[in-house]
Amino acid sequence: MIWSANGARQWLDAASKQMRLPLTTSTDEMVGVDEILENLEDTPMEENDGPDPVDARVVPDLPVDQLSLLRSGIAEMSAMAQVKDFPEFFLKLARRTGLRLVLLKRWTSGLQVFMEENIKLPAEAKKKRRDGKAPIPSTPSDIFQAITEDAAVYAGPVPVKHFPLDLTLMLGRGSRDRRIIILPLPSQNHWNTFLYLDADQETEKSLVVAEVLAHFALARMCLLNQGAKVSGKMVGGILKAELQRRQEDRARMAEEGPEPDFCQPRGAVAAETRDDPSAGIQSMPASAAPSAGHASKSAVGVGNLTPEAILTHSGELPALPKAACHIMAVIEDPGTTAPKLEQALAMDQALTAKVLRIANSPFYGAVREITTVSEAIVRLGFVAIRNWTLVTAARSVFLSPGAGMLYQKIWRQSVMSAMAGQLVAQSLSKSNPDTVFIGGLMQNIGQLVLARSHPELFQEILNESSESGLPYHVVERERLGFDHGELGALLIKEWNLSQELEGAVRWHHRFDAEDAVSTRIAAMIALGEEIALCGGGQEDASDEDAAGIDQTGEFSDAARFLGVTAEKLAELQLRAAELKIDPHFFS
């Protein structure tokens with residue numbers, strides 16, 4: 001829904017008369033709103049095939065309490081003399097109406113959350129990463145960049161192709177089906193702080209009021225900010241494109257059903273300042289988020305998508321760094337000695353430092369500090385060094401400096417699953433712990449490949465898994481016809497690792513299939529993942545979960561397949577819970 005310029009002016013004039021406000025569209029405050037409406041003059045109304053979350057025709061029919069809210073809001077903002085008062089106003093509005101609110105700051109490396117209301121966001125979203133980068137990557141073409149450049153309000157459906165993937169996932173199920181408002185706030189002559197608001201069906205009329213107040217607030221802030229100019233061209237273009245995309249999706253789905261619609265990988269660019277946008281705002285514990293309702297099925301389909309096609313779409317097939325390949329080749333050479341391996345490690349100072357930290361970690365029973373590479377080789381052994389070399393190399397391939405929290409979480413879970421799988425293998429006779437370790441590491445690499453190559457499709461699978469309660473790999477197979485294990489197996493083959501490992505990763509979610517290979521290693525990889533998900537060093541793991549136990553209270557397929565007893569599972573879970581690895585291993 002987009003208001004026409006004349007229609008909005010008429011509604012504002014009528015509302016001011018109905019509420020007996022001394023405001024018309026000729027006042028200084030309304031001049032700013034009028035300029036915004038001028039930019040939308042030629043933007044067409046969206047033609048809906050079904051009910052829109054907020055339709056323009058319901059605006060004049062707001063109940064008395066909403067009109068009162070609008071009147072008091074305009075009166076309060078008319079008296080504001082400082083820009084810093086506006087975030088506090090919208091925070092109180094959110095608390096009163098139940099609208100979800102997020103205060104974000106745009107830095108050169110992405111977005112950071114400073115405050116939320118009526119929604120609980122992860123703690124990682126509110127602090128910069130150890131490398132100093134923002135936690136939510138953004139792109140030069142996203143809606144926040146457009147709002148920064150235009151200094152304009154965005155009010156409409158979520159612009160899927162111009163909205164950060166990490167933020168979409170944080171906002172939870174159904175968030176893409178909500179109507180949103182993004183209001184820019186000036187900070188040191190830059191419009192790079194934002195108030196995000198959205199509504200569910202119960203609060204949608206309050207969002208109509210919030211939209212009018214957001215436009216009024218922008219006009220007031222422009223006056224207070226020395227007459228800053230409002231453009232709205234880029235923002236209006238994104239809104240128009242999103243409305244057109246949704247209309248075409250509905251038409252296509254009605255005629256043919258869903259077809260492929262993939263978006264490109266994301267980068268990270270923005271404008272940066274040093275101030276905290278939440279300074280001076282009284283904080284309040286975030287309450288539970290209002291129900292988002294059921295998310296509609298996306299138009300994203302799979303067509304003839306194959307694992308090979310996904311890798312091709314992501315660009316050149318990723319290769320391991322040369323230094324890592326050299327070290328692994330040296331280790332595989334039967335004639336290699338410890339001094340020769342030490343020389344190979346010396347070629348990569350970052351890896352050398354990481355090996356020393358690993359050697360001094362509790363996981364390897366460190367009782368005295370190791371200070372030299374030769375001592376680290378003795379403590380760890382050739383195979384462990386090879387494994388951690390692969391960890392470091394694989395991470396450098398898939399986690400670029402701008403990778404967001406979602407990518408970081410997948411990677412950390414992969415490493416923790418690898419270590420838990422190694423514990424499983426060590427506890428079982430006639431097992432190869434090192435192969436299971438590498439398999440656990442590589443099992444989720446396929447998720448990173450899909451997220452990088454087709455982020456919207458990856459997001460759809462995550463959302464459907466969350467809403468349905470089905471495991472991620474089950475939804476993958478329903479949507480794609482294969483799971484991330486097959487993507488990981490392709491990389492293992494490309495990197496010239498063993499066929500046994502390739503088969504184990506390929507079948508780790510279907511080790512009991514008739515044509516499965518390397519089934520025992522595949523089952524150990526699967527059980528290691530279950531143990532890691534149930535508390536193996538995970539900060540967000542639930543204490544109520546039990547490793548190897550499914551939701552019905554029965555042993556998981558992997559535990560039954562391996563013949564692992566309840567006592568052994570309890571022991572493995574306790575050992576896995578102690579896997580608190582140095583955070584530097586993941587950076």
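Here are some labels, each set against its rule.

Reply: First, the ground rules. This is a predicted model: local features need pLDDT of at least 70, side-chain atom pairs count only at pLDDT 80 or more, and totals for chains, interfaces and linings use all residues. Residues are numbered from 1 along each chain as its sequence is written, and side-chain values use heavy atoms, with hydrogens and water left out.

Me: How many helices and strands does the protein have, and what makes a run count as one?

Reply: There are 24 helices and 5 strands. Both are DSSP runs, numbered from the N terminus: helices are H or I with at least four residues, strands are E with at least two.

Me: Why is Glu 486 called buried?

Reply: Buried means under 20% relative accessible area, exposed means over 50%, and partly exposed is in between (1.4 Å probe, protein chains only). Glu 486 has 16%, so it is buried. Across the protein, buried residues make up 55% of the 587 residues.

Me: What is Arg 510 called, and why?

Reply: Its relative accessibility is 22%, so Arg 510 counts as partly exposed.

Me: What makes Glu 486 and Arg 510 a salt bridge?

Reply: The rule asks for a side-chain nitrogen of Lys or Arg within 4 Å of a carboxyl oxygen of Asp or Glu. Here the N to O distance is 3.7 Å, and the pair is a salt bridge. Glu 486 lies in helix H20 (residues 484-494) and Arg 510 in the loop between helix H21 (499-506) and H22, so the pair ties together parts 24 residues apart in sequence. Both residues belong to a network of salt bridges that also links Arg 477, Asp 483, Glu 502 and Arg 506.

Me: How many salt bridges does this rule give?

Reply: The count is 18. One of them joins Glu 76 and Lys 92, with the closest N and O atoms 3.2 Å apart. Glu 76 sits in helix H3 (residues 64-78) and Lys 92 in helix H4 (residues 85-97).

Me: Which residues of H24 are buried, and why do they line one face?

Reply: They are Leu 569, Leu 572 and Ala 576.
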